[in-house]
Amino acid sequence: MQRQNHPIATEDNVASFQLTSFHFGTPVDGSAGDAATKAKKVYLQASLHADEVPAMLVAHALKRELEKLDAAGRVKGEIILVPAANPIGLSQVIHGAPFGRFDLASGVNFNRNYKHVAESLKTSLAGELGPDAHANAALVRAHARRAVAEWQPKSATQELKKRLLSMAIDADIMLDLHCDNEAVLHLYTGTPLAERVQPLADLLGAHAVLLATESGGEPFDEACSRVWWELAEHFGDATPIPLGCVGVTVELRGENDVRYDLADRDARAILQYLAREGVLALDGLDPLPAPLCAPTPLAGVESLEAPHSGVLVFLKTLGEQVAAGDAVADIVNPVSGRTTTLHAGRAGVLFASTAHRHLLRGMHVCKIAGSEAHRSGSLLSA
Ligand SMILES: [Zn+2]
């Protein structure tokens, strides 16, 4: 294992930050050699939204296991682990409450506005590609690395985003570990990747796998993965481009689900997935558990909101399948006595909810994963 420190925001007079990455196995040069048999590069990062703590404990468990596996020569490719991906957000505390989802300086979500390199690659790769998909993949990686290197950060937070993306942009597998406010385990990934992500969903016991070809807002996982299917479509079948990166946002339940048993189980599932992908040599593979859900479109998620202020009382439990018209929650105003029952508009799995129990009008209540797409435009919450 090798540790690398990356200073962020090193101007005089102002706060600076340190990002740390841990490197296991042997660096993979995706642009060289026999691309067909190239070893895989894996990039894992935790808690990009800094106060999403379960991910950091999973990263801690992963680091412990990867150190042992690396020492035993069992890491077959390259694995980069960033156990605390957002030192800027981790340093933000407002009146005693950690605040890690948005950059206080700009108001921008830490998981939005990553450089999407596909547009510049459509120009730089024109005339460069051939009939060999593996050779094309190597070219895509080289050009993508260059495009990220050319990103000129205009703030400390953009500097952090560039540093993270420059480690991940050429990865074969990129897992971005988050959590929701309160939730059962669920995943976000690209529609073209559904089949490749299924074993990971099964091993982790995901209750929802939410698919989109483009979610909107340029989140980190899509900065790594979407470039591949966009370029494949742009350049066409004569110059084939594979799905070179399995990029997944893993939501490790709710923000208070911080327990050793859960972290050990999640870390084991991720290691088992990496073993199945040929990146780790483990003594044995766990049998693949039966799926808890079928993938559904991100555009099929129904979000319920509070119609007026009041106390939120859930009538359904996270992970429960609800039918269209089912009563999901009450909003109880203790002064007027007004009580409004919120009903599911469509059938689906209740997979995430707010952690607050008194809401103002318009505030988010919960999300239900339905199987029919009914939304368009920007599909992620703020
Ligand atoms: Zn998050």
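Let's start with strand β10, which is covered on both faces: Ala 208, Leu 210 and Ala 212 are buried on one side, Val 209 and Leu 211 on the other. Buried here means 20 or more other C-beta atoms within 10 Å of the residue's own, with C-beta atoms placed from the backbone.

Some ground rules. This is a predicted model, where local features need pLDDT of at least 70, side-chain atom pairs count only at pLDDT 80 or more, and totals for chains, interfaces and linings use all residues. Numbering runs from 1 along each chain as its sequence is written. Strands are DSSP runs of E, at least two residues; helices are runs of H or I, at least four; both are numbered from the N terminus. Two strands pair if DSSP finds at least two bridges between them.

Now, what does β10 pair with? Strand β9, residues 186–190, runs parallel to β10 over 5 bridges. Thr 189 has Leu 211 as its bridge partner. Strand β12, residues 296–297, is also parallel to β10, over 2 bridges. There, Leu 210 sits opposite Thr 296.

Next, another sheet. It is open, with 4 strands in the order β17-β16-β14-β19, paired antiparallel. The edges are β17 (339–343) and β19 (358–359), each pairing on one side only. Strand β14, residues 310–314, joins β19 through 2 bridges, antiparallel. Val 311 faces His 358 in that pairing.

Definitions and conventions: A residue is buried if 20 or more other C-beta atoms lie within 10 Å of its own, exposed if 12 or fewer, and partly exposed in between; C-beta atoms are placed from the backbone.
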